[in-house]
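Good morning, and thank you for making time on the agenda.

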Amino acid sequence: KPKKGTKEKGKSSKEKHEEDTPGKTRKRKSKDGGEKSNKKAKKEEKEEGKKETENKWKWWEEEKKEDGIKWTQLEHRGPYFAPLYEPLPDDVQFYYDGKPLKLSLATEEIATFYAKMLDHEYTTKEIFQNNFFNDWRKEMTSKEQKIIKDLDKCDFREIHKYFVDKSEARKALSKEEKQKLKEEADKIQEEYGYCILDGHREKIGNFKTEPPGLFRGRGDHPKMGMLKKRIMPEDVVINCSKDSKIPEPPEGHKWKEVRFDNTVTWLASWTENIQNTLKYIMLNPSSKLKGEKDWQKYEVARRLKDVVHKIRAQYQADWKSKEMRKRQRAVALYFIDKLALRAGNEKEEGETADTVGCCSLRVEHIKLHPRLDGQEHVVEFDFLGKDSIRYYNKVSVEKLVFKNLELFMKNKDPGDDLFDRLNTSILNRHLQSLMDGLTAKVFRTYNASITLQEQLKALTHSEDNVAGKLLSYNRANRAVAILCNHQRSTPKTFEKSMQNLQAKIDAKKQQVEEAQQELKKAEDEFKDTKDSKAEVNVEKKQKLLKRLEEQLAKLNVQATDKEENKQIALGTSKLNYLDPRISIAWCKKFGVPIEKIYNKTQREKFAWAIDMADEDFEF
């Protein structure tokens with residue numbers, strides 16, 4: 001996942017937007033620079049898709065390996081390391097207290113990390129500034145430490161301008177120069193971006209180590225601004241098969257360790273210095289290992305369907321238990337099931353942002369209302385969930401749940417745990433005893449997928465055109481995104497793109513009105529003359545009017561969809577929580593092209609589902 005504030009490599013914001021709106025038709029350029037007709041382009045895309053499917057390794061048709069074994073052969077080149085630091089030109093200077101100061105190479109490199117971010121809101125935050133300055137001073141020479149004692153006296157503006165100019169120059173490169181850079185990147189991708197897995201060439205997801213820089217984190221993370229150190233070969237553990245050609249480390253270096261562990265799916269790993277967590281190089285989402293994991297995930301969620309009624313009956317009975325720990329566990333499980341809340345992991349005090357899940361809710365995160373807005377037993381939730389996304393919801397709950405919450409909150413301070421007899425480990429052990437492989441995430445996946453399937457059945461009308469069916473699909477997807485609290489801030493370009501769309505709608509309305517007048521004229525002429533030419537003209541005008549009305553309807557649907565989705569992120573649930581077979585079965589049943597729902601990358605990721613699901617698939 002790209003960190004907040006960074007762009008996913010290789011994708012512009014326009015491409016990201018198009019991924020979230022796969023129903024959008026794009027104009028394609030032909031080799032001679034002209035635009036291809038949509039029909040021709042679609043035909044070519046279909047042919048391409050056909051070849052894609054034919055040539056694809058259908059791993060899901062092969063016999064499954066024994067439990068725990070992920071591969072028998074794995075060979076790769078190891079990670080591609082971030083390029084070494086290039087010093088600033090002599091005419092670009094750092095100033096301290098108004099005077100130019102020549103920095104040592106290591107100190108200068110860290111100064112450029114901060115300088116590059118001068119126009120970002122992160123550098124205005126006190127916690128970011130303090131963490132950066134503390135870590136920067138640790139890397140300075142003793143001479144520099146004696147001089148540089150106050151961040152407010154540091155002037156990074158000239159360095160910032162240098163990188164802005166460099167970025168603009170890169171954008172202004174000629175087509176040929178850009179092509180040359182692309183060829184160099186492709187060469188690196190070709191060399192490091194693929195591995196051999198069980199005799200098949202598979203694409204690697206993230207084959208580059210993260211470059212050094214300043215940690216950003218999500219929300220108001222207490223470690224933002226700290227120095228992310230450069231990853232060296234000596235930090236990296238390589239994983240491959242014994243009989244493969246072991247990757248060579250860069251000259252003058254050696255690997256931390258080489259392993260031959262076929263029970264894991266990663267190719268290389270290292271520990272990052274900020275949160276001391278392991279980072280991995282994994283295969284691309286379209287690979288066998290990732291696909292198998294996805295398929296497995298949805299099959300476990302489908303198994304929950306057979307026992308979920310029993311589990312619900314059990315936790316409802318536990319609301320009356322004589323043991324407080326059972327009552328707390330039962331109410332927490334109700335929240336996880338009904339509201340798709342995450343379980344919430346235990347964290348070290350002050351180590352990470354103050355985000356919570358179900359088990360770590362505090363008294364201050366909920367308010368109880370016996371009556372509110374015409375509903376009874378309303379619980380008002382307000383807390384920061386994963387990635388510091390605010391979860392705010394008012395929910396009418398069962399009377400016994402409400403009474404139990406009153407009991408759990410009695411004689412407690414706002415900062416006390418709501419479920420003081422429960423933690424994630426206890427909950428997960430209990431879930432595991434109810435069904436093999438059951439976790440809070442399985443509940444989330446199950447409820448997301450079942451909601452999509454039910455909503456699609458309720459909202460889709462077979463007589464609608466493709467645009468109407470896609471609107472129904474996005475509405476069903478939105479119901480899931482709301483359930484899972486997948487929000488986004490309104491895109492900066494939203495107002496502008498809505499204005500452009502409205503201008504198109506107004507222009508199309510004008511064309512419809514003109515076509516109506518032209519048709520009336522033609523009909524009057526035919527009435528007067530009864531001429532066969534005049535009759536043909538009436539038919540032509542009717543066809544034109546019909547086509548324009550369809551185009552107008554399509555634009556109106558697009559505007560409705562855009563407005564309804566401005567603060568909802570549909571992509572997260574579509575790629576991570578919804579069994580793709582539900583969407584594919586829907587496409588096949590209602591004659592909607594799959595490429596309207598999933599773009600090329602997503603179709604590669606879900607190739608197993610496209611091949612498996614027919615129109616009668618039920619989650």
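**Overview of the chain**

Of the 619 residues in the protein chain, buried residues make up 40%. Please bear in mind throughout that this is a predicted model. The protein chain contains 19 helices and 15 strands. Among its contacts with a separation of 6 or more, 67% are between residues 24 or more positions apart.

How far does the predictor's confidence extend? The average pLDDT of the protein chain is 84, and 86% of the residues score at least 70. Residues 1–36 stay under 50 in pLDDT, and for that stretch the model has 54 contacts beyond four places in sequence.

**The nonpolar cores**

As general background, nonpolar side chains in soluble globular proteins tend to be buried together. In this model the largest nonpolar core has 95 residues. Which of them touch the most other members? They are Leu-304, Phe-335, Phe-381, Leu-405, Phe-419 and Phe-443.

Let me take Phe-443 as an example. Leaving aside neighbours within four places in sequence, Phe-443 is in contact with Leu-304, Val-308, Ile-311, Leu-333, Ile-336, Asp-337, Leu-431 and Leu-438.

**Aromatic pairs and a cluster**

I turn now to the aromatic rings. A pair of such rings is described by the distance of the centres and the angle of the planes. The count for this model comes to 28 aromatic pairs. One of these is formed by Tyr-315 and Tyr-334, with 6.3 Å centre to centre and 75° between the planes, an edge-to-face arrangement. This pair links distant parts of the chain: Tyr-315 belongs to helix H8 (residues 288–318) and Tyr-334 to helix H9 (residues 324–339), and the two are 19 residues apart.

Are these two tyrosines buried or exposed? Buried means under 20% relative accessible area. Tyr-315 has a relative accessibility of 5% and therefore counts as buried. Tyr-334, at 5% relative accessibility, counts as buried as well.

Tyr-334 also pairs with Phe-335. Their ring centres are 6.0 Å apart and their planes are at 45°, so this pair is tilted. Both Tyr-334 and Phe-335 are buried. One aromatic cluster brings together Tyr-315, Trp-319, Tyr-334, Phe-335, Phe-381, Phe-383, Tyr-391, Phe-408 and Phe-419.

What else does Tyr-334 touch? Beyond four places in sequence, Tyr-334 is in contact with Tyr-315, Trp-319, Leu-339, Ser-396, Val-397, Glu-398 and Val-401. In the case of Val-397, the separation from Tyr-334 is 63 residues in sequence and 9.5 Å in space, C-alpha to C-alpha.

**Charges over rings**

Two tyrosine rings elsewhere deserve mention. The charged end of Arg-77 sits over the ring of Tyr-192, at 5.0 Å from its centre. Likewise, Arg-201 has its charged end over the ring of Tyr-194, 3.7 Å from its centre.

**A threonine in a loop**

Next, Thr-460. This residue lies in the loop between helix H12 (440–459) and helix H13 (466–483). Its relative accessibility is 9%, so Thr-460 counts as buried. What does the side chain of Thr-460 meet there? A polar atom of that side chain lies 2.7 Å from the backbone oxygen of Leu-456. The Thr-460 side chain also makes a polar contact with the side chain of Trp-586, at 2.9 Å. Not counting residues up to four places away in sequence, Thr-460 touches Lys-469, Ser-472, Trp-586 and Phe-590.

**Two positive phi values**

Finally, some backbone geometry. Most residues other than glycine have a negative phi. Where does this model depart from that pattern? Asp-97, which is not a glycine, has a positive phi near 55°. Asp-97 sits in the loop between strand S2 (94–96) and strand S3 (99–101). With 46% relative accessibility, Asp-97 counts as partly exposed.

Ala-340 likewise has a positive phi, of about 55°, although it is not a glycine. Ala-340 is found in the loop between H9 and strand S13 (366–372). Its relative accessible area is 2%, so Ala-340 is buried.

Notes: Residues are numbered from 1 along each chain as its sequence is written. This is a predicted model: local features need pLDDT of at least 70, side-chain atom pairs count only at pLDDT 80 or more; totals for chains, interfaces and linings use all residues. Side-chain values use heavy atoms; hydrogens and water are left out. Rings of Phe, Tyr and Trp (its six-membered ring) pair if their centres lie within 6.5 Å; planes under 30 degrees apart count as stacked, over 60 as edge-to-face and the rest as tilted. Helices (H or I, at least four residues) and strands (E, at least two) are DSSP runs, numbered from the N terminus. Buried means under 20% relative accessible area, exposed over 50%, partly exposed in between (1.4 Å probe, protein chains only). A charge sits over a ring if NZ of Lys or CZ of Arg is within 6 Å of the ring centre and within 35 degrees of the ring normal. pLDDT is the predictor's confidence in each residue, from 0 to 100. Contact means heavy atoms within 4.5 Å. A polar contact is a pair of N or O atoms within 3.5 Å; within protein, one must be able to donate a hydrogen and the other to accept it, and residues adjacent in sequence count only if both atoms are side-chain atoms. A nonpolar core is a set of buried Ala, Val, Leu, Ile, Met, Phe, Trp, Tyr and Cys residues joined through side-chain atoms within 4.5 Å.
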